[in-house]
Amino acid sequence: MSTVETVTLAFAALVLIAWYLTYTAARLHRLHTRAEGALAALDAQLVRRAEACVELANSAALDPATSLLLAGAATDCLDAAADDMRGLDWAEGDLAQREALESDLSVTMRHALGFLAERGEASGASGASGV
């Protein structure tokens, strides 16, 4: 094998390796972009849920204690959303606090909505017995 053939073969191998690395880097970048988009969508959904909870707490449909608990959990979530979450490394688990806040909001919402359902059943039963 001559020197020209060896150099040509080495150059072709380097071109193939460079193409493979570029292709892999592009795929990794697309995956990272999709993951960031999903995180942003989850963040926006959490903010919408927290805002709806604040509206429910201020609507006088709940008793004062439940309204206070719901407003507190929603405010905690909104305060966390106002913080700069972009500096956190979500892949390393730095969003554990955010996950705990969302879980607390879900539990509080479940309690408040259960209270509303019980209250609705009680008013429906008292209305039916009065007729």
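Visitor: Why is Asp-43 called partly exposed?

Guide: This is a predicted model, and in it Asp-43 has a relative accessible area of 27%. Buried means under 20%, and exposed means over 50%. The value of 27% lies in between, so Asp-43 is partly exposed.

Visitor: What makes Asp-43 and Arg-98 a salt bridge?

Guide: Their closest N and O atoms are 2.2 Å apart. The cut-off is within 4 Å, for a side-chain nitrogen of Lys or Arg and a carboxyl oxygen of Asp or Glu. The pair meets that rule, so it counts as a salt bridge. Asp-43 lies in helix H1 and Arg-98 in helix H3 (residues 96–129), so the pair ties together parts that are 55 residues apart in sequence.

Visitor: Why can such side chains pair?

Guide: Side chains of opposite charge can pair when their charged atoms come close.

Visitor: Is Arg-98 buried or exposed, and how do you know?

Guide: Arg-98 has 10% relative accessibility. Buried means under 20%. Therefore Arg-98 counts as buried.

Visitor: How many salt bridges are there by this rule?

Guide: The count is 2. One is the Asp-43 and Arg-98 pair. Glu-102 also forms a salt bridge, with Arg-49, and their closest N and O atoms are 3.6 Å apart. Glu-102 is in helix H3 and Arg-49 in helix H1, 53 residues apart.

Visitor: What makes Glu-102 partly exposed?

Guide: Glu-102 has 30% relative accessibility. That sits between the limits of 20% and 50%, so Glu-102 counts as partly exposed. Arg-49, in H1, is buried. Leu-46, Ala-50, Cys-53 and Ala-57 of H1 are buried too.

Visitor: How do you know what span to expect for helix H1?

Guide: Helix H1 (residues 3–57) has 55 residues.

Visitor: Why is Leu-21 called exposed?

Guide: Leu-21 has a relative accessible area of 53%. Exposed means over 50%, so Leu-21 qualifies. Leu-21 is in helix H1. Together with Ile-17, Trp-19, Tyr-20 and Tyr-23, Leu-21 makes a nonpolar surface patch of about 600 Å².

Key
Residues numbered from 1 in each chain as written. Predicted model: local features only at pLDDT ≥ 70, side-chain atom pairs only at ≥ 80, totals over all residues. Heavy atoms only, no water. Helix = DSSP H or I, 4+ residues; strand = E, 2+ residues; numbered from the N terminus. Expected span 1.5 Å × (residues − 1). Buried < 20%, exposed > 50% of the residue type's maximum accessible area, 1.4 Å probe, protein only. Patch = residues over 30% accessible without salt bridge, like charges linked within 9 Å, V, L, I, M, F, W, Y side chains within 5 Å. Areas by Shrake-Rupley, 256 points an atom, 1.4 Å probe, with all protein chains shown as cover.
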